[in-house]
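Work through the following exercises with the sequence and the model at hand. Each task is followed by a solution in steps.

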Amino acid sequence: MHFDLDAWLASTSTRRQWMRGALATGGSLGLAACGGSGGAQEATVAVADGSATAGAGTGSGTGTGTTGTGTAARVFAHPGLLHTEADFTRMRTQLAAGREPWVAGFRALTSSGRAQLGRDPQPVAVCIRGGDGENFRAMVEDVQRAYQLALRWKVSNDVAYANQAVRYLNAWVSTMTSLTGNNDRHLAAGIYGYQWANAAEIMRTYSGWGAAEVAACQQWLLTHFYPLQSSFLKTHAGSNVTNHWANWDLVCLAGMLAVGVFADRSDVYQEAIDYFNNGRGNGAAQHMVYARHPGHMGQWQESGRDQGHATLSLGMAGYFCEMAWNQGDDLYGMDDNRLLAGAEYVAKSNLRDASGAFYSLPFYVYSNRQGTRTAVSDGGRPNGRPCWEPIYNHYVKRKGLSAPWVSALAAQLRPEGNTWLGDDLSFGTLTYTRDADVSRAAPSGVQAIVRGGAVQLSWWGSADAAAHAVLRAPAGSSSFVELGRINAGSLNTWTDASVTQGRWQYQIRALDGTGATLATSATSTVDLDAPLLLSLPLDEGQGTTARDVGGRNLTGTLKGGATWGAGRRTGSQALALDGKTGHLELPAGALSGVGDVTLSGWVFWNGVSRGNARVFDLGSTDITYLTLLVSADAMRVSVTNTSFFGEQTVSTAALATGRWVHLAVTLKDRTCTLYVDGSAAASIDTMDLAPYQLGRTTQNWLGRSQYGGDPYFNGRLQDFRIHGGALTAAQVLALAQA
């Protein structure tokens, strides 16, 4: 159906104002690009227990009232969403002392038209976002007022604001009986759900809001908001999971976690945590940052779309992590500060250099159900969304890490005020600003990855360092030499191409303005000799395990119809797969931290009548994987972090059947080569994603696909190896002739 934007804008002056303002800032609009009701239906997904499910998220909650670990339901800290009692004490103390920027932050609150007395609540019985009869702006205005009035009471102790905040909460709880609309109702449930819960979480500390009223509010959120949040994360409105951008998942996650805490529902809380950790959608931690560039710059999932939505989803991720932090769960730090990697990328995207031009950022081609993006979008750029203070204050003030781009954008927007759109609760300068919690943090997250035969270093710097020195020593030695220095505010990365073989260790040293050492990082070691990371002879001939002789004890486990059969040499044995359920399961994290890589093995294929079988498929879901596929007419190697839409592929002719064939795949920087019987059959130089970009993969299989509807491999496998480097053509040939 053709969408006539001009006609839609002309329907009312209010809608015209809202849409034009939203388009200018990139706010959440609920248009086709945000939605997905017309998207392709979800594929059948393989899960590790051997079953398959159509479009089910891997991290959905159990609804049992437990934490998901079999323990008793957790006891939540209250108030414990975006703000704790300690936070409110800090605000009052700093205001009493007349300190900035708290004074300016409080002035922004008291100047807000939504933080004033005298206006009556305007609840509606049926709140509609998206479609005919849309009226959700009434909720936007009132939930923003409820929060700002609650905050103003908590900081000033003026009960007039508390009483008014209670009026807003009670009015909506007693009036609204339905939250509906088109797919945008899920956005409403997430955005306004986390906001109502935060306002209520503050007011539960007010003696003038009775226990019965609190209970009614809890039930209201559980009845009308939580089901929409949960159902979206489970089904994505019936569309392909990549049809919805990260903000859809993240607003639902923020809403669900907030409702879980306020309503004292540990199962709801855990459902949100599990999805963030392991979910398939674009708002799960692995997918909200598509990939990490050198210097821990995390390409944000929506950065190629527009900056309004990029900052929306980033802000929601920050609120989600802050609320979890206040309940004792550190999601900020997961996967070596993955959120900070994305935040630095988005912040820099919205800043200008000394000449006034926007910074240029590295960008991997990104493809999903919505199309292909090739660069950071200029749409809505720069965006001034008030979402940066929680992220800045956590990483820089709490943890002592350097975050130059987040710091610069937070300073530019300080003090944070309110916006008309209403996606954010705002006033972060008042609520999140804190003095440093740590006197000094050493550089951390030192990552040494082999890319293109060189060592690519990335690290998190110390917040108070003037520069960072890069040090190198032979493995096992304490004789470090300095390779160079990176000044504070520059990208924390270094490529060492001066060594091409051997094992080396690296450290990062934080320096003050005189060059004196402030602190030194832990050591990171790298091997440039393409070490054998996994070696499975696959010749046991009996039992259900396949031993790893590569030294890391990554033992494989035979599953389904996997057994043993004749090997390629007389009297030898090989792994035999029946083409029905048989496969070999490898341990999680088999490719963690690997850049350049070689995967090789001997294959005897009986063929396939339909679809694509897998020689290997190393991934976590149908969204993230590195695989070697064989079909009746082609053979290809593909890697993706956005399902089949984003596959980067090298392909060649079909694999021969009825005989043993040696296959090898090498990746050196962005050049991927597929070898057949020791000869290069195909190669591309545009494969962006190395194995480490896929995270700690949890479904690593020989003979089985991440897609539950694809056929299993029918044939035999022997001598499967993974090397932590790209073997030369001569080395691959030697394997094929062994």
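Buried means under 20% relative accessible area, exposed over 50%, and partly exposed in between (1.4 Å probe, protein chains only). The model is predicted: local features need pLDDT of at least 70, side-chain atom pairs count only at pLDDT 80 or more, and totals for chains, interfaces and linings use all residues. Residues are numbered from 1 along each chain as its sequence is written, and side-chain values use heavy atoms, with hydrogens and water left out.

**Exercise 1.** Classify the aromatic pair of Tyr332 and Tyr395, and state whether Tyr332 is buried or exposed.

Solution. Rings of Phe, Tyr and Trp (its six-membered ring) pair if their centres lie within 6.5 Å; planes under 30 degrees apart count as stacked, over 60 as edge-to-face and the rest as tilted. This rule gives 19 aromatic pairs. For Tyr332 and Tyr395 the centres are 5.4 Å apart and the planes make an angle of 80°, so the pair is edge-to-face. Tyr332 lies in the loop between helix H13 (307-325) and helix H14 (334-349), Tyr395 in helix H15 (residues 389-398), so the pair ties together parts 63 residues apart in sequence. Helices (H or I, at least four residues) and strands (E, at least two) are DSSP runs, numbered from the N terminus. Tyr332 has a relative accessible area of 0% and is buried; Tyr395, at 1%, is buried too.

**Exercise 2.** Find the rings over which the charged end of Arg414 and Arg472 lie.

Solution. A charge sits over a ring if NZ of Lys or CZ of Arg is within 6 Å of the ring centre and within 35 degrees of the ring normal. For Arg414 the ring is that of Tyr392, with 5.2 Å to its centre. For Arg472 the ring belongs to Trp504, and the distance to the ring centre is 4.9 Å.
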